[in-house]
Amino acid sequence: MAKSKASKNVTREHTAKAESVGFFKRFAFVFESIFIILLTAVSLWLTRLVDVPEFVMQMSSKQQDWRLDEIITFASISALGLLILLIRYSLYLRNKMKRQFVAEEEIKRLAFFDSLTNLPNQELCLNRLQHALAGAARSNTTIAVLFIGIEDFKSINDKQGHESGDKLLQQVAKRLSRELRSGDTLARITGVEFLIILESLSPTEDINYFAAKLLVKLTKCYRISMQEMYITSNIGIAVYPNDGEHSKELIKHADTAMCFAKEKGRNGLAFFSKELQQQVNTKKKIAEQLLEAMEKDEFTLHYQPIVSTASNEIIAVEALLRWHNEFLGNLAPDVFIPIAEDIGMMAQIGDWVLNQACLQNKTWQQMGYPGLVMSINMSVMQLGIRDCAATISRSLADSNLEPQYLELEFTEKTLMKDAKQSIVQLRQLSDLGVSIALDDFGTGYSSIKYLSKFKLNKLKIDGSFIKNIPKSETDVMATRAMIALARQLKLHVTAEGVETAEQREFMAVSHVNSMQGYHFSHPVDVKAFEQLLQSPSWQQT
């Protein structure tokens with residue numbers, strides 16, 4: 001690697017000098033040749049002024065066997081000039097060939113190697129994989145292709161600068177290179193994606209162990225410009241010949257497995273399989289239908305009541321998105337929402353939900369129903385938009401809904417994606433007068449230290465803690481701890497997932513402010529919810 005860098009520097013210096021070479025330097029060899037010829041001619045002409053033969057004869061007369069005449073004298077001088085000319089020409093050819101060799105090496109490096117990491121690029125990687133597959137076919141051996149994706153790299157570039165990002169990629173390349181055996185290939189195929197070709201690693205256990213070892217190496221701290229950095233990565237694995245017989249097919253399948261590992265969580269690895277391919281095909285079909293769902297008016301909103309623990313009355317309602325497609329049928333939000341985020345539709349869908357929910361809440365007020373707080377789930381993409389507060393303000397204005405009747409729910413994962421930016425955005429939203437709720441509390445990576453910094457009004461305890469109450473002492477203790485924390489921070493507490501009378505009684509005793517769950521009602525359409533407003537079913541039992 002050091003040699004490649006040295007070659008690169010030499011070539012660049014040579015190129016820079018070549019660009020500034022003048023006329024006389026460019027044709028130096030021609031002028032030198034003319035000078036040597038003229039020098040030879042002058043030497044010959046000087047023989048007319050000096051009786052060289054006589055001089056030579058006098059010197060040679062002292063030697064009995066040495067006899068030189070005038071022709072030999074001229075031939076000697078001419079031969080001497082020709083010898084000098086040949087020596088100079090040979091040196092010229094040698095330097096020219098050297099420069100040409102360096103230039104060819106530079107062209108080859110630019111064509112087949114990554115300029116930042118000096119690793120093989122995608123084209124050279126494909127070439128090596130094709131040769132490896134040909135050898136594996138002859139020897140009846142297996143080949144593993146590991147597709148490595150680095151996550152959250154954009155945030156590092158944004159925060160630390162592109163120079164730090166480049167240094168980080170160079171360190172990643174070095175860590176991966178150290179783990180390779182002789183004969184293995186490591187390539188950088190895109191900005192934050194690397195590919196490893198493993199030959200003669202047949203047992204799945206060996207490949208799995210090697211990939212897990214790589215993940216451990218990649219997760220360790222990076223020190224760049226006196227700062228500590230951490231990254232997450234995912235690895236997808238495809239094995240020849242089971243997962244494909246061609247280079248591009250294997251790389252595609254390894255990429256598919258990497259995306260699946262990414263969906264499962266951070267620092268994961270996954271092997272490609274036929275079942276995985278079926279999931280990918282299904283997601284592809286869902287994505288294709290999603291692109292037209294807005295135009296076909298296939299989205300609807302269902303509403304689930306939020307009930308006061310003290311009065312048993314509906315004090316708020318959560319709007320929940322539903323999608324019915326003519327080909328795919330009814331799809332659950334946890335199925336199509338991640339896909340909508342991947343294809344960049346979530347912001348558009350979120351704006352539609354916001355507008356429809358605000359209009360519906362205003363309609364209920366105009367129909368004479370008590371004023372309810374409309375709660376809406378917000379995605380990370382919506383929060384990431386700089387004019388998020390302006391979008392909320394515009395929806396309120398279009399629907400004539402007062403801001404105190406709108407509540408925006410954010411998950412811990414959404415807020416902790418960029419905690420500092422979230423603090424700024426939540427303050428802007430809070431200034432509008434809307435309520436801010438932290439949804440699914442307790443399931444994300446700890447944000448307790450940020451609770452006081454976020455402009456929160458409500459804490460919603462995730463239903464996974466409520467599910468086993470009162471049987472599970474651990475869940476009881478955890479729920480009481482979260483309630484106590486919320487009360488210390490003076491936050492309204494809502495318990496999600498209340499399904500039984502026992503759970504309802506526990507929430508009342510524990511001083512939870514409001515409840516939500518199947519014990520009161522499933523999410524229902526507009527007409528069914530209006531019937532609940534008129535006659536709550538849980539008050540009749």
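Leu-438 has its place in strand S13 (residues 435-441); strands (E, at least two residues) and helices (H or I, at least four) are DSSP runs, numbered from the N terminus. With a relative accessible area of 1%, Leu-438 is buried, where buried means under 20% relative accessible area, exposed over 50%, and partly exposed in between (1.4 Å probe, protein chains only). Leu-438 and Phe-410 are 28 residues apart in sequence, and their C-alpha atoms are 5.2 Å apart in space. The model is a predicted one, in which local features need pLDDT of at least 70 and side-chain atom pairs count only at pLDDT 80 or more, while totals for chains, interfaces and linings use all residues. Residues are numbered from 1 along each chain as its sequence is written, and side-chain values use heavy atoms, with hydrogens and water left out.

For the chain as a whole, 22 helices and 16 strands are found. Of its 541 residues, 42% count as buried. The accessible surface comes to about 30,400 Å², and 54% of this belongs to carbon and sulfur atoms; accessible areas come from the Shrake-Rupley method with a 1.4 Å probe, and for residues only the protein chains shown count as cover. Among contacts with a separation of 6 or more, 66% are accounted for by residues 24 or more positions apart, a contact meaning heavy atoms within 4.5 Å.

S8 pairs with strand S9 (residues 314-325) in the antiparallel sense over nine bridges; two strands pair if DSSP finds at least two bridges between them. Within this pairing, Trp-323 in S9 is the bridge partner of Phe-299. Five residues lie between the strands of the S8 and S9 hairpin, where Asn-312 takes a positive phi near 65°. S8 is also joined to strand S16 (residues 514-516), again antiparallel, by two bridges, and Ser-308 stands opposite Ser-514 in S16.

The loop between S8 and S9 holds Thr-309, which is buried at a relative accessible area of 15%. Neighbours within four places in sequence aside, Thr-309 is in contact with Met-507, Ala-508, Val-512, Asn-513, Ser-514 and Met-515. Ile-314, in turn, has its place in strand S9 and is buried too, with a relative accessible area of 13%. When neighbours within four places in sequence are left aside, the contacts of Ile-314 are Pro-305, Ile-306, Val-307, Leu-372, Phe-529, Leu-532, Leu-533 and Trp-538. The C-alpha atoms of Ile-314 and Phe-520 are separated by 9.8 Å, although these residues are 206 apart along the chain.

Rings of Phe, Tyr and Trp (its six-membered ring) pair if their centres lie within 6.5 Å; planes under 30 degrees apart count as stacked, over 60 as edge-to-face and the rest as tilted. Seven aromatic pairs are found in a search of the whole structure. The rings of Tyr-303 and Trp-364 have centres 5.1 Å apart and planes at 70°, so this pair is edge-to-face. Because Tyr-303 lies in strand S8 and Trp-364 in helix H13 (residues 346-366), the pair ties together parts that are 61 residues apart in sequence. Tyr-303 and Trp-364 are both buried.

Tyr-303 also forms a tilted aromatic pair with Phe-529, at 6.1 Å centre to centre and 45° between the planes. Phe-529 lies in helix H22 (residues 526-534) and Tyr-303 in strand S8, so here the parts tied together are 226 residues apart in sequence. The relative accessible area of Tyr-303 is 2% and that of Phe-529 is 0%. Elsewhere, Phe-299, Trp-323, Phe-336 and Trp-352 form one aromatic cluster.

The surface has a feature of its own. Leu-80, Leu-83, Ile-84, Ile-87 and Leu-91 form a nonpolar patch with about 450 Å² of accessible area together. Patches are made of residues with over 30% relative accessible area and no salt bridge, like charges being joined within 9 Å and nonpolar side chains (Val, Leu, Ile, Met, Phe, Trp, Tyr) within 5 Å; a salt bridge is a side-chain nitrogen of Lys or Arg within 4 Å of a carboxyl oxygen of Asp or Glu. Leu-83 lies in helix H5 (residues 70-112) and, at 47% relative accessibility, counts as partly exposed.
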